[in-house]
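The sequence and the structure are shown first.

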Amino acid sequence: MKKEDKGIIINQLGNSLQEYSHFYLADIGGLNASQTSDLRRECNKKEIKLLVVKNTLLHKALENSQIDFSELYDTLKGETSLMLTNTGNAPAKLIKEFSKKNKKPVLKAAYVEESFYIGENQLETLINIKSKNELIGDVIALLQSPAKNVISALQSGGNTIHGVLKTLGER
């Protein structure tokens, strides 16, 4: 591969890393063509961009980034696939579900919600991560709950007072 071609690929990888807020590094080596096609279809359904990359080119793209990805450099060995997404836990769920049948993909590392997760043992943690929008929804629900209780109490209290006054007025 020519040096110019490598430079173009490194720039494209860098642009992809900036375009998506989360990414996973996984090993999909050993999957046959049919299984790889199935994995790609599942990724497309869940809005995950799957790229098979050369470790050296990805390493250079990560180095050129404004973020310090040095924690991930040790995981760039063997076969590496890059899973890009804007939903932090979607690839983790896909990896768990797909690996039940095929024993691959295997999680190497992930960069999710501005944190690093290294190793396959982090998969469950990644599955349980809530996205920013999910957390905002939870906070809003928690904030609305006391207000709803107060309004409900006032409305039922009003009915009670009205009932008492009506009863007293009838006597």
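Lysine 45 is exposed, at a relative accessible area of 63%; buried means under 20% relative accessible area, exposed over 50%, and partly exposed in between (1.4 Å probe, protein chains only). The model is predicted, so local features need pLDDT of at least 70 and side-chain atom pairs count only at pLDDT 80 or more, while totals for chains, interfaces and linings use all residues. Residues are numbered from 1 along each chain as its sequence is written, and side-chain values use heavy atoms, with hydrogens and water left out.

A salt bridge is a side-chain nitrogen of Lys or Arg within 4 Å of a carboxyl oxygen of Asp or Glu. The count comes to five salt bridges, including those in the table.

| Salt bridge | Closest N and O atoms |
|---|---|
| Glutamate 42 and lysine 45 | 3.4 Å |
| Arginine 41 and aspartate 38 | 2.7 Å |
| Lysine 104 and aspartate 27 | 3.1 Å |

Lysine 104 lies in the loop between α4 (90–102) and β4 (106–112) and aspartate 27 in strand β1 (residues 22–27), so this pair ties together parts 77 residues apart in sequence. Aspartate 27 is buried, at 18%, whereas lysine 104 is partly exposed, at 21%. Glutamate 42 and lysine 45 are three residues apart in helix α2, which means about one helical turn. Helices are DSSP runs (H or I) of at least four residues and strands (E) of at least two, numbered from the N terminus.

In helix α3 (residues 55–64), Asn55, Leu57, Leu58, Ala61 and Leu62 are buried. Seen down the axis of α3, these buried residues fall within an arc of 165°, so they line one face of the helix. Thr56 and Asn64 are exposed on the other side of α3.

Conventions:
Arc of directions from axis to C-beta.
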